[in-house]
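Here is a short note on the fold, for reading beside the sequence and the model. It takes a few residues to begin with, then the sheet, then the helices.

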2 protein chains.
Amino acid sequence: MQDKVLAMKMLVTNDDGPFSLGLWLLYEAVKDLGEVCVVAPETPKSASGLGLTLHKPLRVNRLEINGVKVYLINGTPSDIVYVALNVITGPVDIVLSGINIGDNTSAQVILSSGTVGAALQAALAGIPGIAFSVAVDSPEKLEEKELSESIKRGVHVLVESVKEKGFPENIDVLNVNFPNALTNEFKAVPLAKLRYSNIIVKRTDPRGLHYYWLYGQPLKPEPGTDVYTILVEKKIAVTPISIQYLAKPLDAIKGFVAHLNSKMAKLKR
Amino acid sequence: MQDKVLAMKMLVTNDDGPFSLGLWLLYEAVKDLGEVCVVAPETPKSASGLGLTLHKPLRVNRLEINGVKVYLINGTPSDIVYVALNVITGPVDIVLSGINIGDNTSAQVILSSGTVGAALQAALAGIPGIAFSVAVDSPEKLEEKELSESIKRGVHVLVESVKEKGFPENIDVLNVNFPNALTNEFKAVPLAKLRYSNIIVKRTDPRGLHYYWLYGQPLKPEPGTDVYTILVEKKIAVTPISIQYLAKPLDAIKGFVAHLNSKMAKLKR
């Protein structure tokens, strides 16, 4: 009985959909730590950010994949956390999102990341969120037993530590990125600003009309950032995210706003 | 000639699409301050956050609306800023997004806001962004001459001030929310955490299948927040956003990460 009481209630989700190896690696890594409910987007929803579906109805379907009961929702990762907490799981102790195929490092990437978006949506509901990603180019890399076991061990140690010691205070989300290499070392590290250059590739369709692909080339990683930690140092980057800090530098605009008000006062006369 | 050199190059966009009165109010408010290029999503893209379209091609169409040349793109507000800066306008001095029908206050709302998303996407490209929103329930409210003139004056004063004094340092985005009332007063104010409760409305379709709507009820606004400023004090809320601060509280996880590494070290043996 005691074990049952101490068991964590976990919501596991992702942005790559139910057939991603990353989702199942995450599930396998934490299933012995408590009660796990898997709720995933029906189809891949990469780069959804914290997008929400306000103008279309959402549907929930239940099925079994890999012998596990899974709920599928026709929405974004943020929708999924929203719906899951309200109508599927009820309150949980933690939301685990991932493991994303491809790293989610830098402010540029995480602000558009569905994986991180799900964890942030959890945080808005007052529930700690952890986003997991791995710097591999393709899902096939996760079929390498040694790499996937190493990642699984890292995820297990991290979630078990949250279970034992609680979630770090004043932090909303832990953004965790594994390198494309075996490692046992975690490192606390801030976000880089940028990960990729913004490139547009112009093409012409068979009817002679132009279209564009968004694309990016990796930028040279700066030491002391999450990008550098996973790509160069090959350690597990752990980055704390706190949404209350987004608007922290209020003093930086006090003078500017005083100027606005003095202009407004002159207008009135 | 001097006037031309001093003229600001502005990209005006929104998340409500080209037929939103808010877009045209913004355009009217700033058109005498320099060169304006209007690029909007083809269809409304509310609550897109910083979602990006990576897996579908984007198209650009040019047409004239209200006598003004407008570019339309089949993407999210973030896509639009990305594409516009790369293939339509080239670098600009500032990106202005809005005016959104409905306020974008609180961390909860801005993280999913397309209007704010466009401004943040600009910031990632190194260009200052300003997101404008107004706390009205419906576009028709902007047909009230006195209210729309008051908002236009506020927008003009703000953007003119940026032109004269530059954008506040260390700030990526100014998030500006107008109240649903006449005012001449700006206030620098931080983000509330939440704006709405998370509600799910369950319905049954004519075929007997269930579907869900995401919904929210306004929460009681807390003094000292952007929500309180616009709803209760009825002032113009100006909130500075700095993405580098998102991961600022690094010290908060140093002990936790040391614990993780000690667990990992024990595993190895």
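Is A:Trp24 buried or exposed, going by its relative accessibility?

1. Buried. The model is a predicted one, and in it A:Trp24 has 9% relative accessibility. The cut-off for buried is under 20%, so A:Trp24 falls on the buried side. A:Tyr27 is buried as well, at 14% relative accessibility.

2. The aromatic pairs come next. The count over all chains is 4 aromatic pairs. In one of these, A:Trp24 and A:Tyr27 have ring centres 5.7 Å apart and planes at 70°. Planes over 60 degrees apart count as edge-to-face, so this pair is edge-to-face. Both residues sit in helix α2 of chain A, residues 21-30. They are 3 residues apart there, so about one helical turn separates them.

3. Now chain B. B:Trp24 and B:Tyr27 also form an edge-to-face pair, with 5.7 Å from centre to centre and 70° between the planes. Helix α2 of chain B, residues 21-30, carries both of them, 3 residues apart, which puts about one helical turn between the two. B:Trp24 is buried, with 9% relative accessible area. B:Tyr27 is buried too, at 14% relative accessibility.

4. Back to chain A, for the sheet. It is open and has 9 strands. Their order is β3-β4-β2-β1-β5-β6-β7-β11-β8, and the pairing is mixed. Which strands stand at the edges? They are β3 (60-65) and β8 (186-188) of chain A. Each has a single partner strand, so one side of each is left without a neighbour in the sheet. From one strand to the next, the twist averages 25°.

5. Strands of a sheet pair through backbone hydrogen bonds, either parallel or antiparallel. Strand β2 of chain A, residues 34-41, runs parallel to strand β4 of chain A, residues 68-73. How many bridges join β2 to β4 in chain A? The number is 4. Across this pairing, A:Val38 stands opposite A:Val70 in β4(A).

6. Two helices pack on this sheet. α2(A) lies across β1 (8-13), β2, β3, β4, β5 (94-101) and β6 (129-134) of chain A. Its direction is at about 135° to β5(A). Helix α3 of chain A, residues 77-88, touches β1, β2, β3, β4 and β5 of chain A. The direction of α3(A) makes about 130° with that of β2(A).

7. α2(A) also has a helix partner. It packs with helix α6 of chain A, residues 145-165, at an angle of about 50°, with the axes 8 Å apart. That angle makes α2(A) oblique to α6(A). The crossing is right-handed. From α2(A), the residues in contact are A:Leu25, A:Leu26, A:Glu28, A:Ala29 and A:Val30. They meet A:Ser148, A:Ile151, A:Lys152, A:Val155, A:His156 and A:Val159 in α6(A).

8. α3(A) has a partner too. Helix α5 of chain A, residues 114-124, packs with α3(A) at an angle of about 30°, and their axes are 7 Å apart. Angles under 35 degrees count as roughly parallel, so α3(A) is roughly parallel to α5(A). This crossing is right-handed. On the α3(A) side, the contact residues are A:Pro77, A:Ser78, A:Val81 and A:Tyr82. On the α5(A) side, they are A:Gly114, A:Gly117, A:Ala118, A:Gln121 and A:Ala122.

Key
Residues are numbered from 1 along each chain as its sequence is written. Chains are lettered from A and ligands numbered from 1 in the order in which they are written. This is a predicted model: local features need pLDDT of at least 70, side-chain atom pairs count only at pLDDT 80 or more; totals for chains, interfaces and linings use all residues. Side-chain values use heavy atoms; hydrogens and water are left out. Rings of Phe, Tyr and Trp (its six-membered ring) pair if their centres lie within 6.5 Å; planes under 30 degrees apart count as stacked, over 60 as edge-to-face and the rest as tilted. Buried means under 20% relative accessible area, exposed over 50%, partly exposed in between (1.4 Å probe, protein chains only). Two strands pair if DSSP finds at least two bridges between them. Axes are lines fitted to C-alpha atoms, for helices over the stretch in contact, and angles run from 0 to 180 degrees between N-to-C directions. Contact means heavy atoms within 4.5 Å. Angles under 35 degrees count as roughly parallel, over 145 as roughly antiparallel, 65 to 115 as roughly perpendicular and the rest as oblique. A crossing is left-handed if the near helix is turned anticlockwise from the far one by less than a right angle, and right-handed if clockwise.
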